[in-house]
Amino acid sequence: MTDELGLCFGGDYNPEQWPREVWTEDVDLMVRAGVNFVTVGVWSWSTIEPVPGKREFGWLDEVLDLLHGSGIAVDLATPTASPPPWLGIRHPETLPVNRDGVRLAAGSRNHYSPASAVYREHALAITRDLAGRYATHPAVRMWHVGNEYGEVDYGDEAAREFRSWLRAKYGSIAALNEAWGTAVWSQGYASFDEIVPPRAAPYLINPAQKLDFKRYSSDQLLACYRDQRDAIRAAGATQPITTNFMGFFHHVDYWSWAGDVDVVADDQYPDPASPDAPSDTALVQDLMRSLGGGRPWLLMEQAISAVSWREHNVPKSPADARLNSFQAVARGAEGVCYFQWRQARSGPERFHSALLPHAGADTDVFRGAELLGADLKRMRQVVGGRVTARVGILFDWPSWWAGEEDAVPSARLRTLEQLRRWYRVLWRHGVAAEVVRSGSELSGYDVVLVPHSYVIEPDSADALSRATAAGTLVVVGPFSGVADASTNILQGRFPVLLRHLVGVSGEEWGGLPDQPTPLAMEADWDAAPSGGGTATVIGERLRTEGAEVLARFAGGPYAGHPAITRNTHGAGTAWYLGAVLSDDLLAAVLEEALREAGVTNALGASVLPGNPLPDGLEAVRRGPALFLINHGHESARIQLPVPMSDLLTNEEVDRIAALPPRTVQVLIEGRTT
Ligand code: GLA
C-alpha cells in the first residue's frame, strides 16, 4: 500500500479552514514531526463548489504541490460527507429524514440522504471533476471516499429505494409476507408499494422489517461509496481507494463492504477513562485485520489526547497516545493517523485535540508527536508483517441487529458486550484471534468461539460441525442459533441446527433473577475452577443428549438443569454454555478450552488456566516482531523464549523483559544492528 513510505504517520489536514500563510508553517512542522501522510479535503465541498456548478481548485493545487514538495503523501478525499447549504436549499429532498419524520437541516455535517438521486448526482459530479484533475498528481497516494459512512434515512425516497431492494430480494410480495410473518398483527401487504421504512409507530415494529431495513441501509450507503469509487477509477486513478470504517459501528455491515475497499481503514477513539479500552480496542483492530483477510490495514483517525464529543473528555498522556499507536501497529496497522493535524479554532470541534494544539509546537502533545514520528521510522522490519491466529471468534452484523431486537427474553444480553468479555480472556493470555464471518470455512482454526450469534444460518452451522468433526474445539454461548435470517424462531429443541454438534438441547430461554444464580461444578470435571461461579442475564432449560455435564444451575428457575456441557464430535469437541457466566468462570472455561486445544500465546507458551500475562500487559506477534505493551499502572516482567532486542532502543533483552507502566517494547530475535 505505502511501501516506500514505511509506516504512514499523519492525519486529517484541513487547510481550507486556515489562511494561506499558515500552510507553510504546517508543512514545516509536519516535516519536523516526521509526518509523511495526510488526508486532505474531507470537509471542503463548499470551498470547492461555493455556488452550484462552480469549481475552485486553485487552493487545492497549491496545497497538493506544497505537500508534495516536502515529500508528504496525500490521501485525497471526496468532500461528499458534508454538502454545501445550497444543495439542501435548492433540493430539500437531499436532506435526510429521521424515524420521527423530521427532515434534518444543514448547519452541521452529514446532512444528506443516501437514497437521494439528486445528492448522488451532485456528489458524483464533484468526484468526477476532482478525480479528473488529480488522478495523476504525484502527491496523491490514496483516495478517501466520503467520510465515516453511517447516515440512515427514513424519508420518501428511502421508502422507494427500500421497496426496490425488497423486490430484488423477495421477488414477490407473498414471499415477503411469509418471511416477515406479516399475519401477526394484521400486517399483510398486498403490494411492495405499501411498505415504508420502520418509522415511528405506536408500538413494537415487525422485527423482520427492521432487520431488512438495516440491511438495505448498509447496502444503500455502499452504493453511494461505489458510485464515487468507480468514478475515481474511471478518471484513470491507479492509487488504492478506501473509506474510513468505525470499528463495530452498528449501522454498517463491514463484512459486506470489505471487498470494496482496496485497504481497510478505521477510525478508533477508545475512551481513556475505560479500564477495558485496551482489550476492546485490540478486538476492533483484530476485526480490521480480519476484514482485510489478514492484510495490513490503516488506522485512519484517532485522537492524540482528548476528543470533544463525549460528555466528559479525559485527555491522554503522550505516553498513552504512544501506546495506542503501537497497539495498532502490533495488530497489523501499516500506518497511524490522527484527527487532526492542526487543532480547530472554529466550529464544533475546537476542543478536540490535534497533533499541533492551539498552544503551538512548544507543547508536550507536539513533542509526543515528534517522538512518535521518530519511533515509527524504526519499524521498517515490521512493515508488511502479518499476525497469525489459531483462534476464530464469530461475529456478524445481521445477527447483532436481530439479537438486540425488542421484546426478547433479556434486553440485558448484548452481543458486543459478550464478544468483548470472551475476547478479553484471549487478550489477557496474549492469544491472537481473528474475527470470522458466519459461513466462512472454520476448519483451519484450533478453537472457534461463538459468544452470541442469535442468527446461525445452515451454512454456518455446517461449517461449525465440519470444523469440529475435523478436530476444532468450538465453544457456543447462550441464546445462539435461535433464529433464521428473517429472525423467525427455528422450530424444535434448540439450538436446532447445532443440537447434534453440542449434544445438548433446550426448550426455554429466560432472563435470570438479578441476584446471580449459583452454579454447581460436577465432581468429575477435573479442571473445574475452585472458585465455582454464577450465572446472570440469561439462562436456558437444557437436557443433555450425549454431552458431558460440567456444571448445573444450583438455584433459580433452571435449578438442576445443565449449564455447561462438553461434547465429543468426531475429532473435536463442542462446549455449550447455557447461561451468561460470571467473569471468573467464563475465564476458567475458555482457558481450559484453549489449553485442551493446545493453543499457544505470542511468546510461544501454552495457555495456563488461571495464569494470564501480568495485569495490563499485551503481547502480540506481528511478522518477526514481538510487541509487548504495558497498559498497566505497575511494572511488568515477562520471560522471553530467546534473547531479543528492542527495535525502539536497540537494547538487548536477555530472557526477561521488564516494562515500566505505560511503555512498549518491539522485540526481534538477536541483535537489531
Ligand atoms: C470522526 C470524523 C472526524 C472528526 C472526528 C472527531 O472520526 O471523521 O472528521 O469529527 O470524528 O473525533
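**The ligand and its surroundings**

Modeller: Around the ligand sit Trp43, Arg109, Asn147, Glu148, Asp267, Tyr269, Glu301, Trp309, Phe339, Glu349 and His352; a residue counts as near when one of its heavy atoms lies within 4 Å. This is a predicted model, where local features need pLDDT of at least 70, side-chain atom pairs count only at pLDDT 80 or more, and totals for chains, interfaces and linings use all residues. Residues are numbered from 1 along each chain as its sequence is written, and side-chain values use heavy atoms, with hydrogens and water left out.

Colleague: Why is Ser186 called exposed?
Modeller: Exposed means over 50% relative accessible area, buried under 20%, and partly exposed in between (1.4 Å probe, protein chains only). Ser186 has 71%, so the word exposed applies. Ser186 also has a positive phi, near 60°.

Colleague: And what makes Ala407 exposed?
Modeller: Its relative accessibility is 68%, so Ala407 passes that cut-off too. Phi of Ala407 is near 55°, a positive value in a residue other than glycine.

Colleague: Which residues is Val666 in contact with, beyond its neighbours within four places in sequence?
Modeller: Among them are Phe326, Met379 and Leu648; contact means heavy atoms within 4.5 Å.
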